[in-house]
Amino acid sequence: MTRPTILEMTDIRKSFGNIAVLKRVAFSLRKGEVHALMGGNGAGKSTLMKILTGVYSRDGGSVLIDGQPVEVHDTAAAERAGVAMIFQEFSLVPTLTVAQNIFLKREPRFAGTPFINGAEMKRQARLILEELGVDIDPDAPVSGLSVGYMQIVEIAKALSKKARILVMDEPTSSLSEAETEALFELVNRLKASGISIVYISHRMAEILKLCDRVTVMRDGETVMTADCADLSVAQIVEAMLGAGNATSFEWKDRQVPATAKPVVQVRNLRLDKRIDDVSFDIKAGEIVGLAGLMGSGRTEIAETIFGRRRAVSGEVLFDGVPVANQADAIARGIALVPEDRRKFGLVLDHSVRDNIILPNLERFTRHLFVQDAVALQTVRDTIRDLAIKTDGPDKLSRLLSGGNQQKIVIGKWLARDPRLLILDEPTIGVDIGAKSEIVETVRAMADRGMAVLVISSELEELMAISDRILVLHGGRIAQDMNRRDVATEEELHHAIQGHSRPQAALGAA
Amino acid sequence: MQSKATAAPRPPSALPKVQLQNYVVYIFFAVVLLFFSVTIGDKGFLSVMNLFNIARTTAMITVIAVAMTFVISAGELDLSVGSTAALAALTCGLVMQAGFGWPVAVLAALVAGLAVGCLNGFFVTLIGIPSFLVTLGMMQFIRGLDMRVTYTNPVSISNQSFNSLFGSGNLFGVPSLLIWSLVIAVLGHVVLKYTGFGREILATGGNRMAAEYSGVKTRRVKFAAFLLSGAAAALAGMLYSGMMQTARFNFGEGAELMAIAAVILGGTSLFGGRGTILGTFAGSLLIGTINNGLIIMGLDVSEQMMVSGGIIILAVAFGKKPTA
């Protein structure tokens, strides 16, 4: 069954300065369809969507909605045409209530007066939220909502403006598993009611599960549009990277000598929340994956090893000696790449160079002065070794893509030559190309004897990189699995959900 | 690698015009200088005497502003510097009146300034109160203290070594006030730009959490910035008293705002993370030059205030980065 086409973008062109970002791009969207838009960073996805939502104006080409040509010169025009963007970084006012946010600047008035009819506003808000099948109090202040609910309020706001086309940019990147499930349910409900959705995401599994069609962009061009049902992950990856460029995101069986000494030993660790009794070792040269649900305490374990948190009881031994505090951890060679790189990993307004120097300051400082020439060599080496795509060391890190920003955070620690590297969700918001480069880098460091702890919610990633996978459940290590013995992602998934024994995975392709 | 290099979309704001905006303070300074040279050059604006005069009257603001650059770059603010300057001046004067030599008095004044900085640092970094509030309260408290110690009576300073060293004297024909401000500016520039401490200040102000996670002890860094600020305020207070050969409770009134204006004019980000002492120095001179020129043009105080206030807003507007 082919549904009618609601949006037709053809021949879209856009340049910034003399750099052509979009070269005759075509994109079409059917009524009631969830259409994935994929591509590496810099492929042109967000530029295309910014043209659709009126943030940028196009240099050429046409946009048809319901067969009628539309000019979306600004966001207000896009809104009138029924297009709304659900922002990655939310555009809600935290201090206002849910209803106030939904109707911001469009509040219902008492007839003939400038006064806002609060009761009516609440009634309408409740109606929309009910339609979405969610239980949110219209009077609740937005600041108290979880990220998942904030996103739903964003969607409600768009629907209240009679939007028929929703653009969702990485909607699940900061959602928990339960929230993600709820969002998928909501997306399916929207779809059933005839809303069309453009869905931007880097997560393959998610896209194959949720979307009807996929369009892949590369270097400012549309390289593929196809039905999801006919596609495999490999085909999408190949389309994104170009034939032959697809570095394998697959597991390599590595040998960690049995005689290797444990670098870090976590002994009966108990933290004030979530973690009751956790023990494990990581040997030199070993890559250990830490799996578990969001909020299961994985990050807290990482921060305790890094000396940022105190244990209620139990201890963390590094080379057999307890870690006193963060300064001690860093000095002795522990490095942490935190989950939220923009918040905890980078000084965004500083250059690539300054960010890489920061954790290495004392090494480059002689008699109070920073030896910039010496440091620059290290910075250049780091940029080269990690293949960070930047115009130069002095480019502001804010201007780099997510994948390259993450490489800076990893690189700044690798420049210290740490003995234990902890990576907390290292590839969130990182495109597939950079993702496999990061995996390669980590593997190469482990081959040189570094111990690695990888925390990830992406099972694919854990399966690709780990030698051993620890499953955290109910405040304990529920399972300690040799990667060799885990055949499929399903097995790992079962373990994470709390099944005591991995079920034999049937029907896994 | 290069096969995969793509034409990354650049937001229009990343185009070269950003460059010019970094130099807006120097451009404004040049324009103002040119304007006054043409209009009042023949009325003595360009005389060496007058140029030294500008340097003399801006010295205190410069000294305070240099330390303020550290505080603002670290993501904080210090409004207490004006009253601290007066406190240091009075301390200095009273200690000399009590019969001690000037080195003891100078030391006492510095201790007073450091004590205020220490209190500010304590409340901001250990109790966690925003520096705007802490130093606003401190500004008021210290000004009250200034008035209380001598019941608003001035303390005259007769020690000529002190006066000539800290304000009225010359070295090889160059006013000591100018030398002080140059020394402090150069020192500040070197520390902010070339030392590990300077980098830590900027990283702390740029993203405190990221700095923490990179091993920077951000509380210690901020505390140090407040100590610097207190010490600089004390020096500024001594420069006031050396110039006036007396110490008064009302020294440095409004100096905190002038200093902040100079810092921001110079291109330092009000939100931290980005700062230059050279810019601050130019910003301070710009304010001093405007005030001086307007006086020579014959504007009265009310008109001077309006014009210089307007110019400050204009200059900051031109220097604004277009990115949201």
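This note goes through some salt bridges of a predicted model.

1. Local features here need pLDDT of at least 70, side-chain atom pairs count only at pLDDT 80 or more, and totals for chains, interfaces and linings use all residues. Residues are numbered from 1 along each chain as its sequence is written, chains are lettered from A, and side-chain values use heavy atoms, without hydrogens and water.

2. Over all chains, the whole structure holds 38 salt bridges (a side-chain nitrogen of Lys or Arg within 4 Å of a carboxyl oxygen of Asp or Glu).

3. One of them joins R484(A) to D253(A), with 3.0 Å from N to O. These residues are 231 apart in the chain: R484(A) is in the loop between β22 (476–482) and α18 (489–497), and D253(A) is in the loop between α8 (233–241) and β11 (262–270). Helices (H or I, at least four residues) and strands (E, at least two) are DSSP runs, numbered from the N terminus. R484(A) is partly exposed at 44% relative accessible area, and D253(A) is partly exposed at 43%. Buried means under 20%, exposed over 50%, and partly exposed in between (1.4 Å probe, protein chains only).

4. E362(A) and R416(A) also pair, their closest N and O atoms lying 3.4 Å apart. Helix α13 (residues 361–364) carries E362(A), while R416(A) is in the loop between α15 (402–414) and β19 (420–424), 54 residues away. E362(A) is exposed, at 51%.

5. D480(A) and R468(A) form a salt bridge at 2.9 Å. It links strand β22 to strand β21 (residues 468–473), the two residues being twelve apart. D480(A) is partly exposed at 47%, whereas R468(A) is buried at 14%.

6. Shared partners join K252(A), E440(A) and R443(A) into one salt-bridge network.
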